[in-house]
Amino acid sequence: MTRHAEESARPVVMLLGSGEVSRELTLSFQRLGATVVAVDRYADAPAHRVADRSAVVPMNDPEALGAAVERERPDYVVVEAGGVATDALIAIAETAEVFPTPRATRLSLDREGLRRLAADELGLPTAPFWFAGSATELSAVAEHAGFPLAVTPVAGAPGEGRSVLLRPEDVEPAWNRAIAVGHLSTPNRVMAETVVDVDDEVTLLTVRTTGPTGPAVHFCEPIGHRVAEDGTLATWQPHRLSPAALDAAKSIAARIVNSLGGRGVFAVELLVRGDEVYFSTVRPRPVDNAFLTVRTQRLSEFDLHARAILGLTVDTIMISPGAAEIGYAGGQTSVPAESDIVGVLAEALAVAESDVLLFDRTDETDGRHRLGAAIATAPDVVVARDRAQRTAVSLRRLWQS
């Protein structure tokens, strides 16, 4: 059989976005026999290094994106980045399966559209929210709603341009910060929401599949998460919820995911207070909050996404409690000599059941510079979190100037 014939028998997956998350996803697809074409707007992206083929394409250009799809003729197109031309996705969907759906892709970057879908159409519980198109309107919202008030641009990546208003004089700086990172399509509009006093912030990783009997949703064990003042993301699984809260969380997740449609992993963000659960947002793709599933679950979030998209059976079995800490940088960092790296890793990996992932460059796909991840498992979450923290303390020596 010729190389061309061999490749034609394999499903071709095109990833739009080739950052660190896409790198892991590429490997998951390849293990299932798929040929992966990694696309991004810049060369030598992380997924480019492991994909079968790669391309540099301005993904906000419908013509350029359409030409790349025509050239590669993929069976599946998987969106793993913001800034992808949604008009092009609608056209692409006529010849290839697109995940997430063009509608879900658009709503994942449109807080106003997503929140109105969740609250107004689906009736999901949320924190009280408002939208403003100017600093004056935001000031009026703050006067009506009171403080504290969280303000974010209606379009943008999670955490971008977010501020918490504590007093009237915070309004104008918050407005300026939000519109500075807003996308060009909606540069001058923000969402303001009451800061709800909650016990926990939880990610419920939800997998939507389709089969002979129709769509089905599968839930992973809840993942707790917290962001430290220095930007470090701490996560742990499972995060224990009361039976009533867990039922509510699954109901909310199933309703929003089924409304968005398609197949794959959806990271549903929830706020929990006792037995009460509030919808916050949803991202229709693997996320940093669930990176620890590479060690806690039989199938990681990347494996689950690949399997669901290819129409294969999934399971969400957790094999061990675990925790992780992911470090980020805002700019340049200094890295010591290789001998120092080996010494630091020796110290970090001396922690029982620990593992380490190091990232060597800024991920231009989503603008984040992940430095590294410390992951640990244990018989219970408390021990796992302690082990992950001790592993991360050792790793930080690599990133100190």
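Reader: Which residues does Val78 touch, leaving out those up to four places away in sequence?

Author: Val78 touches Val13, Met14, Leu15, Leu16, Leu25, Phe29, Phe99, His305 and Ile309. Contact means heavy atoms within 4.5 Å. This is a predicted model, where local features need pLDDT of at least 70, side-chain atom pairs count only at pLDDT 80 or more, and totals for chains, interfaces and linings use all residues. Residues are numbered from 1 along each chain as its sequence is written, and side-chain values use heavy atoms, with hydrogens and water left out.

Reader: How many residues are in the largest nonpolar core?

Author: The largest nonpolar core has 38 residues. Val13, Leu15, Leu25, Phe29, Val78 and Leu304 have the most contacts inside it. A nonpolar core is a set of buried Ala, Val, Leu, Ile, Met, Phe, Trp, Tyr and Cys residues joined through side-chain atoms within 4.5 Å. Buried means under 20% relative accessible area, exposed over 50%, and partly exposed in between, with a 1.4 Å probe and protein chains only.

Reader: Which helix gives the most to this core?

Author: Helix α11, residues 301-309, with five residues. Helices (H or I, at least four residues) and strands (E, at least two) are DSSP runs, numbered from the N terminus.

Reader: What does the second core include?

Author: That separate core has 23 residues. Leu107, Leu124, Leu204 and Val277 are among them.

Reader: Switching to domains. How is the protein divided?

Author: Into domain 1 (12-99), domain 2 (128-194), domain 3 (198-319) and domain 4 (321-400). The bounds come from an automatic or database domain assignment.

Reader: What separates the centres of domain 1 and domain 4?

Author: 29 Å, taken over C-alpha atoms. The two domains do meet: 13 residues of domain 1 are in contact with seven residues of domain 4.

Reader: What area do domain 1 and domain 4 bury between them?

Author: About 870 Å², with 44% of it on carbon and sulfur atoms. Buried area is the accessible area (1.4 Å probe) that two parts lose on being put together, summed over both.

Reader: Which residues in domain 1 lose the most area to domain 4?

Author: Glu20, Tyr42 and Arg49. Together they make up 56% of what the domain 1 side buries.

Reader: OK, Glu193. Buried or exposed?

Author: Buried, because its relative accessible area is 17%. Glu193 is in strand β9, residues 190-194.

Reader: What does its side chain make a polar contact with?

Author: The side chain of Arg115, at 3.2 Å. Leaving aside neighbours within four places in sequence, Glu193 is also in contact with residues including Phe129, Trp130 and Leu149.

Reader: And where is Thr235?

Author: In strand β13. Thr235 is buried, with a relative accessible area of 3%. Not counting residues up to four places away, Thr235 touches Ile223, Gly224, His225, Asn289, Leu292, Ala323 and Ala324.

Reader: Backbone now. Which residues does a cis peptide bond join, with omega about -15 degrees?

Author: Phe99 and Pro100. Pro100 lies in the loop between β5 (97-99) and α5 (102-108). A cis peptide bond also joins Gln237 and Pro238, with omega about 5 degrees. Pro238 is in the loop between β13 (233-237) and α9 (243-260).

Reader: Why flag those?

Author: Most peptide bonds are trans, and most residues other than glycine have a negative phi. Arg73 has a positive phi, near 50 degrees. Arg73 is in the loop between α3 (62-72) and β4 (76-79), and it counts as exposed because its relative accessibility is 58%.

Reader: What is phi of Glu353 near?

Author: 55 degrees, again a positive value in a residue other than glycine. Glu353 lies in the loop between α12 and β17. Glu353 is partly exposed, at 44% relative accessible area.

Reader: Where is Val351?

Author: In the loop between α12 (338-348) and β17 (354-358). Val351 is buried, at 9%. Leaving aside neighbours within four places, Val351 is in contact with Arg387, Arg390 and Thr391. Val351 and Arg387 are 36 residues apart in sequence and 6.4 Å apart in space, C-alpha to C-alpha.

Definitions and conventions: Polar contact = N/O pair within 3.5 Å; in protein donor to acceptor, adjacent residues only side chain to side chain.
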